[in-house]
Amino acid sequence: ADQFEIVVEGRGGHASLPHETLDPVPVACEIVLALQAMVTRKFNAHDPVVVTIARLEAGSTHNVIPDRALLKGTMRSLDLSPQFVDAVLGLIDVAAIKPLKVVADTGNGMVGPILQRVYARLPVTLVGMYLEPDGNLPNHGLDPLQPENRAELERRVVAEKADVGFAFDGDGDRFFSIDDRGQFVAGDYLTALLGRYLLQKNGG
């Protein structure tokens with residue numbers, strides 16, 4: 001059977017990954033894991049990365065053959081944010097949302113720009129905190145589970161007389177809520193509320 005080698009190279013080092021398939025899903029997973037390992041070695045998200053995929057010679061291991069590389073990469077810029085915003089808004093009934101005042105703290109992570117575009121199409125008055133991405137994190141850390149990272153948001157919700165506050169982590173795959181009294185809402189409780197809503201809406 002064919003054997004392949006995936007080599008990921010960057011400022012943080014390199015990784016050689018033997019592979020038995022070029023199925024894009026496992027290959028992509030291997031590349032992501034390699035990049036995660038490189039992050040711990042001072043790899044920066046803006047640093048260039050070279051990914052080489054090549055066939056191994058029969059009986060050899062960990063030997064990339066540059067002149068027999070199977071895939072030559074290309075780079076292009078593609079903005080998928082309009083489709084993303086449409087997809088997010090497609091999950092809800094916008095007409096059913098009553099006017100809200102929301103304080104959102106994205107902690108200088110990556111969420112701020114896209115969040116503003118989503119809320120611009122909702123009946124929401126947005127009070128933004130640290131919406132500009134800044135990898136230096138000049139204001140606080142990115143984990144909302146740490147009380148010190150949401151303390152300012154809790155105070156701001158009360159000061160603004162807002163309906164709710166949202167604290168996002170750095171890459172936007174987690175958020176946590178602050179109620180109108182400035183109290184943190186635990187994630188398991190919020191999951192239960194969302195689960196009940198979805199069951200009522202979809203049955204089950």
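Axes, in this tour, are lines fitted to C-alpha atoms, for helices over the stretch in contact, and angles run from 0 to 180 degrees between N-to-C directions. The model is predicted: local features need pLDDT of at least 70 and side-chain atom pairs count only at pLDDT 80 or more, while totals for chains, interfaces and linings use all residues. Residues are numbered from 1 along each chain as its sequence is written, and side-chain values use heavy atoms, with hydrogens and water left out.

**Whole chain**

Display the entire protein as a cartoon. Five helices and nine strands are present; helices (H or I, at least four residues) and strands (E, at least two) are DSSP runs, numbered from the N terminus. Along the sequence, the pattern reads β-β-α-β-β-α-β-α-β-α-β-β-β-α. Of the 204 residues, 31% count as buried, where buried means under 20% relative accessible area, exposed over 50%, and partly exposed in between (1.4 Å probe, protein chains only). Contact means heavy atoms within 4.5 Å; among contacts between residues at least 6 apart in sequence, 58% join residues at least 24 apart.

**Helices H2 and H3**

Select H2 (residues 81-89) and H3 (112-119) next. Their axes lie 10 Å apart and the helices pack at an angle of about 55°. Angles under 35 degrees count as roughly parallel, over 145 as roughly antiparallel, 65 to 115 as roughly perpendicular and the rest as oblique; H2 and H3 are therefore oblique to each other. Their crossing is right-handed, a term that applies if the near helix is turned clockwise from the far one by less than a right angle.

Now show the side chains at this contact. Ser81, Pro82, Phe84, Val85, Val88 and Leu89 in H2 meet Ile114, Arg117 and Val118 in H3. By class, seven residues are nonpolar, one is polar and one is charged. Here Ala, Val, Leu, Ile, Met, Phe, Trp, Tyr, Cys and Pro count as nonpolar, Asp, Glu, Lys and Arg as charged, and the others, Gly among them, as polar.

**Salt bridges**

Seven salt bridges occur in the structure, each being a side-chain nitrogen of Lys or Arg within 4 Å of a carboxyl oxygen of Asp or Glu.

Begin with Arg121 and Asp86, whose closest N and O atoms are 2.9 Å apart. This pair links distant parts of the chain, 35 residues apart: Asp86 belongs to H2, and Arg121 to the loop between H3 and strand E6 (124-129). Arg121 is partly exposed at 45% relative accessibility, and Asp86 is partly exposed at 43%.

Move to Arg174, which forms a salt bridge with Asp143 (3.4 Å, N to O). Arg174 sits in the loop between strands E7 (164-168) and E8 (175-178), and Asp143 in the loop between E6 and helix H4 (147-160). Arg174 also meets Asp169 in a salt bridge (3.3 Å, N to O). Asp169 is buried, with a relative accessible area of 5%, whereas Asp143 is partly exposed at 24% and Arg174 partly exposed at 32%.

Then select Lys101, Arg156 and Glu160, which are linked in a network of salt bridges.

**Two backbone positions**

Finish with Asn108, in the loop between strand E5 (100-105) and H3. Asn108 has a positive phi of about 65° although it is not a glycine, and it is buried, with a relative accessible area of 8%. Tyr130, in the loop between E6 and H4, likewise is not a glycine but has a positive phi, about 55°. Tyr130 counts as partly exposed at 23% relative accessibility.
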